[in-house]
Amino acid sequence: MKTKYLLTIVTLLTAVLLSVAAPVAAGEEMSVSLNQAEGPTDAGEMEVFMDEMFTRHMEEYHIAGAAVAVVKDGQLFFAKGYGYADVENNIPVDAATTIFRTGSVGKVLTWTAVMQLVEQGKLDLDADINTYLDFQIPDTYPQPIMLRHLMTHTSGIEDRWLNSVVTDSSELVSEREWLVDNFPGRVRPPGEAAGYSNYNAMLGGYIVARVSGEPYEEYVQKHIFDPLGMTHSTVQPQMPAELLPFVSKSYTFVDGAFQPFPDYLVQPAGLPSGFHLTSVTDMARFMIARLEGGFYGDASSEIRILEEDTARQMLTTLYTPDPRLRGTAYGLFDFSDNGQWVVGHEGYAPVMESELMLLPDEHLGVYVVYNSLEAKDGGLATKHMGFQREFFDHYYPAPVVETLQPPADFAERAERYVGFYRSANNHATTPEKVVGLLGGFALEVTAPGDGTLLVPMEGLLLRFVEVEPLYFRQVDGSFSLVFREDDAGNITHLFTNIQSENDFVKMDWYETSAFNMVALQICLLLLLSMLPVGLIRAFRNRAASRPTRVADSILFGISLLNALFLVGIAIWFRPMRPSELHGISLTVEIVMGLGVLSALLTPAALVYTVLAWKNKYWGVAYRVYYTLVTVAAVGFVWFLQYWNWLGWRY
């Protein structure tokens, strides 16, 4: 499988499969028109478009298998599978029967369940969620967290993935036990800003189970999957035996070959956050119900999973930081593109990716899923990129937008907006915060001097001009930015319709990646220099006084512990993504203990630094050097503390 020859065979077989597979499509065969401008009208034309795009994307991004379903006007318009659900056994993807993990797209099912119970008067979106729980959310802030905060990710509860996935059923615990033991913490008042958090949906699913009296997985099966005839769908910690043959494997692409990703189990508490499994045609049924006022009907049945008013309400804005932004609907985010109103959700589950898009005005829905982790950055299932970009550019070409001109005096005021902004979802209290050190969870707003602002986001570099105080529009597009200022006129937040699930907080200078990387490198250079210096001094100064030898030994020990800590973390703590953190191994816990030992020794180094100057232990040059290394040790302790790597903070 790792040779180029066999890889070529797999590629050729995939191409053959793509050329002969037939779509599941509604309507009669029609002539193909390759220039669509007002949305899809011809299933045959869509097959030509999809075949070319998927063939190209799967080869370029090394995707083993994928599937897509499109619904329109209450009917399945098109569905097709591409590539393989099981590469080793040459089992092709089938749109109707192949089951994929939904990733976070499954949260849409959770919020649908919540709204079913709201309809029945069993839940209130404005009630304190402690009303529905059998444990109490900490009162970190005086404002209570409401269900609407969970649904819009404005609860202020940090994200949590660690320990949600296990490899042995003996490690599964009850929902309540997991939620209590793994509460990630409240990091901002509810309603202040949106910060995407999986824990929100976990709480939402637990509340569904508590109020309905049915386990979450049974509730979804009984009240969504079964009524809609979603026969190839489930949400269980362990896959039902009758569906197991239909489940797609997931793959990474390593050394020129597809490698199956290890099997894992999900903690029951994590199911509502996106560990549902479904085929794309089953998801098509759900999309139809959400688009058609909660109603789904075919030749043999008519089903309603939501009242019409509720279904319509769920497509409206529930949270926006500014009325000029659409913000977040009831569990769906603003994905608007090329002048079309779109609400949607992205999904990721190790290692599959998916995207759901609903165009309410067009009565059109699209769901796409890939069973492989992309072999390069590109965002096939990322909003405004990959699949979405090509779909909208083909079926809904961007309208001509009048180019905006910047105010003549803006260049003089631009500096107040310039700087780094971190995502409100930045793992503020867990070791995953370190992703920000490498530039993750943050963006840099710059002013090129022409009266505009440059903002990199979702893989795009966008230019904005001020049209009102604190409100900016894209120069040649439809995206917007809104800034928030404090009472002193300082910019504190950035909001955008490019990424409505995450708002951004302006960073202080000491929070930036650039400052931390420079400080870290200086600290490490000084600490590592102590290793050879300390060894040389130990051999040369055997007759030195006891206090000076102890002083040298302490600082050498601190430097050695920090070096071992960094090497250990580099070797053993390298997840592909934060969501692959099934748990912390004993080895990593021991390695992290080295950092604790170093921190405990650092105050002793400070004491000996003072004594060295007071008692003139060595010459001035070495005293200065010793002081600098001690300062580096203190700086490293601060670094570990700031990035949540001091101690076992998970």
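Start with a cluster: ring pairs join Phe49, Phe54, Tyr82, Tyr370, Phe387, Phe391, Phe392, Tyr395 and Tyr396. Rings of Phe, Tyr and Trp (its six-membered ring) pair if their centres lie within 6.5 Å, with planes under 30 degrees apart called stacked, over 60 edge-to-face and the rest tilted. The model is predicted, so local features need pLDDT of at least 70 and side-chain atom pairs pLDDT 80 or more, while totals for chains, interfaces and linings use all residues. Residues are numbered from 1 along each chain as its sequence is written, and side-chain values use heavy atoms, with hydrogens and water left out.

In total, the structure has 32 aromatic pairs. Take Phe135 and Tyr206: their ring centres are 6.1 Å apart and the planes sit at 35°, so this pair is tilted. It bridges distant parts of the chain, 71 residues apart, with Phe135 in the loop between helix H3 (107-119) and helix H4 (147-152) and Tyr206 in helix H6 (residues 198-212). Helices (H or I, at least four residues) and strands (E, at least two) are DSSP runs, numbered from the N terminus. Phe135 and Tyr206 are both buried, meaning under 20% relative accessible area (1.4 Å probe, protein chains only), with exposed over 50% and partly exposed in between.

Another tilted pair is Tyr417 with Phe483, at 4.7 Å centre to centre and 55° between the planes. Tyr417 is in the loop between helix H11 (410-413) and strand S18 (419-423), and Phe483 is 66 residues away in strand S23 (residues 480-485). Tyr417 counts as buried because its relative accessibility is 1%.
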